[in-house]
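Welcome, and please load the model in your viewer.

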Amino acid sequence: MAAEQAAILKWLDTFPNAAGPADFSSLNDGTRLAAALRTIAGDGYAFPELQAADGDSWVLRSSNLKKLIRALRNFYNEALDKDADFEAHVDVGAAAKGEDGGAGALALARFVLGCAVECEAKQTYVQALMALDVETQTVLMRMIQEVMALTHPASRGAADPFSNEEDLDGGAAGAGGGADGGASGEALG
């Protein structure tokens with residue numbers, strides 16, 4: 001995990017608005033990751049403001065991390081047409097309190113890295129990644145593969161699996177075993 005943390009810090013330093021101390025705990029409040037995501041997303045996306053959390057303000061860090069997760073979900077859904085179960089990979093409470101050894105911040109950093117290499121301006125971010133040393137590139141490429149394995153195509157309207165009347169007729173659409181080639185279960189993703 002130390003190699004991944006070091007690689008993420010080097011990568012974040014390629015963003016003028018996300019550069020910061022060479023201490024991975026500086027990511028625990030979400031502000032550096034949010035700054036990188038703002039740059040990646042561009043002006044077309046509105047992001048909530050995050051405040052730097054000084055000292056023992058784990059409540060503020062927790063709020064920031066939740067806002068960052070919402071921003072990631074929105075960007076993945078709207079810009080990349082993808083989704084992931086972000087909360088399954090981040091224990092916000094433990095991350096905010098610094099009790100997870102940096103695992104939460106690292107998981108969020110992976111998702112931000114995924115945004116960079118899949119967004120419209122991905123060539124810019126891939127070039128910046130390729131300018132880093134080979135060891136860092138190798139670690140980041142592995143992390144990109146990991147995050148791509150965690151994402152899947154976004155399913156529009158999947159919050160209510162029975163919102164489509166066709167699903168109500170078949171009854172088996174939600175069971176995942178439709179014999180029609182998956183057409184009626186498509187909205188369930």
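Angles under 35 degrees count as roughly parallel, over 145 as roughly antiparallel, 65 to 115 as roughly perpendicular, and the rest as oblique. Axes are lines fitted to C-alpha atoms, for helices over the stretch in contact, and angles run from 0 to 180 degrees between N-to-C directions. Helices are DSSP runs (H or I, at least four residues), numbered from the N terminus.

This is a predicted model, in which local features need pLDDT of at least 70 and side-chain atom pairs count only at pLDDT 80 or more, while totals for chains, interfaces and linings use all residues. Residues are numbered from 1 along each chain as its sequence is written, and side-chain values use heavy atoms, with hydrogens and water left out.

Start by selecting residues 2-12 (H1) and 134-150 (H7): these helices pack at an angle of about 100°, with their axes 9 Å apart. H1 and H7 are therefore roughly perpendicular to each other. Now show side chains for the contact (heavy atoms within 4.5 Å). H1 brings Ala3, Glu4, Ala7, Ile8, Lys10 and Trp11, and H7 brings Thr136, Val139, Leu140, Arg142, Met143 and Glu146. These residues divide into seven nonpolar, one polar and four charged; Ala, Val, Leu, Ile, Met, Phe, Trp, Tyr, Cys and Pro count as nonpolar, Asp, Glu, Lys and Arg as charged, and the others, Gly among them, as polar.

Next, pick H5 (residues 103-118) and H6 (residues 122-130), whose axes come within 6 Å and cross at roughly 120°. Here Leu113, Ala116, Val117 and Glu118 of H5 meet Lys122, Tyr125, Val126 and Leu129 of H6. Six of the residues in this contact are nonpolar, none polar and two charged.

Finally, color by pLDDT, the predictor's confidence in each residue, from 0 to 100. The protein chain averages 81, and 82% of the residues score at least 70. Where does pLDDT stay under 50? Select residues 158-189, for which the model has 16 contacts beyond four places in sequence.

Note on methods:
Helix = DSSP H or I, 4+ residues; strand = E, 2+ residues; numbered from the N terminus.
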